[in-house]
Amino acid sequence: MSIADFLPKDVSLTIAMALCAVAFVSGTARGFSGFGSALIFMPLASSIAAPRLVAALLLVIDFVAAAPLLPDAWRKADRRATAVIVLGALIGVPVGTYFLSVLEPVTTRWIISCFVAALLLLLLSGWRYRGKDHAWLSVGIGGLSGFCSGLAQTGGPPIVGYWLGRPIAPIVARANIVLFFGASDFFSMVSYATTGLISRESLVLSLIVGPVYALGVAFGASLFGRASEKVFRGICYGLIAMAVIFGLPALDGVLR
């Protein structure tokens with residue numbers, strides 16, 4: 001038996017190999033800079049396979065990759081502040097999941113491309129929230145991030161921009177971010193499972209793509225310290241921009 005025998009019926013070996021290539025590149029970005037994996041993976045992968053399938057695929061492989069970080073984050077995080085922002089995700093994730101489950105694939109791809117382009121602009125701006133901390137604002141940021149995660153697993157930039165601008169120690173900010181996404185991913189797993197997005201097909205595909213993604217993360221981590229972080233972040237931004245362009249449905253007749 002070959003790998004092709006285990007693939008979902010709508011996923012050819014060529015598509016699986018393309019998803020593995022995209023996963024390796026996005027994993028490398030995640031391993032080096034700590035961000036960018038979903039922003040690279042989702043526009044490209046959703047132009048190769050169904051957005052519902054690749055969103056579930058990314059959720060599974062990233063959840064497994066991030067799980068070992070949670071115990072340390074639990075010890076170091078400001079759990080009370082994180083709980084407030086997690087409340088927003090509890091609302092936002094199911095809403096985003098609903099839209100992912102009911103929208104037509106091409107419509108979903110347009111939304112993903114527009115979302116990722118907007119989030120890239122947010123990253124490029126260097127935005128950090130430095131105002132006063134309000135519970136309603138924390139819930140709103142959590143809800144926005146949760147919605148982006150539920151729809152396309154792209155909830156990182158709003159949370160990162162918010163937490164890194166707070167007057168707290170960087171180690172606490174990082175732990176808060178990790179803990180938030182642990183909770184957000186759990187909500188997504190439950191939400192995706194109840195809407196049928198976590199399927200046999202996505203789980204089987206995760207067993208094939210997941211190890212390649214992990215290799216990318218390890219490779220990216222090995223590059224840390226060997227290259228300028230500023231240069232590598234610039235490369236990541238360029239890759240995200242290319243992913244948005246190449247993932248546009250308007251270019252399907254030209255590129256695919």
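**Working through the helices**

Author: What covers the buried residues of H8 includes helix H2 (37–48), helix H5 (79–102), helix H6 (105–125), helix H7 (135–152) and helix H9 (170–194). Cover here means contact, heavy atoms within 4.5 Å. Helices (H or I, at least four residues) and strands (E, at least two) are DSSP runs, numbered from the N terminus.

Reader: Before that, what are the ground rules?

Author: This is a predicted model, where local features need pLDDT of at least 70, side-chain atom pairs count only at pLDDT 80 or more, and totals for chains, interfaces and linings use all residues. Numbering starts from 1 along each chain as its sequence is written, and side-chain values use heavy atoms, with hydrogens and water left out.

Reader: Back to H8. Why is it largely enclosed?

Author: H8 spans residues 156–163, and six of its eight residues are buried, so the rest of the structure largely encloses it. Buried means under 20% relative accessible area, exposed over 50%, partly exposed in between (1.4 Å probe, protein chains only).

Reader: Which residues of H8 are buried?

Author: Pro157, Pro158, Ile159, Gly161, Tyr162 and Trp163.

Reader: H7 and H9 next. How do their axes cross?

Author: They come within 10 Å and cross at roughly 45°. That makes H7 oblique to H9, because angles under 35 degrees count as roughly parallel, over 145 as roughly antiparallel, 65 to 115 as roughly perpendicular and the rest as oblique. Axes are lines fitted to C-alpha atoms, for helices over the stretch in contact, and angles run from 0 to 180 degrees between N-to-C directions.

Reader: Which residues make the contact?

Author: H7 gives Gly142, Ser145, Ser149, Gly150 and Leu151, and H9 gives Phe180, Phe181, Ser184, Ser188 and Tyr192.

Reader: Cysteines now. Is cysteine 148 buried or exposed?

Author: Cysteine 148 is buried, at 4% relative accessibility. Cysteine 20 counts as buried too, at 13%.

Reader: Which spans does UniProt call "transmembrane region"?

Author: The unreviewed UniProt entry lists several, including 49–70 and 82–103. Such annotations may be inferred rather than shown by experiment. In the model, residues 49–70 are 77% helix and 0% strand, with end C-alpha atoms 31 Å apart. Residues 82–103 are 95% helix and 0% strand, and their end C-alpha atoms also lie 31 Å apart.
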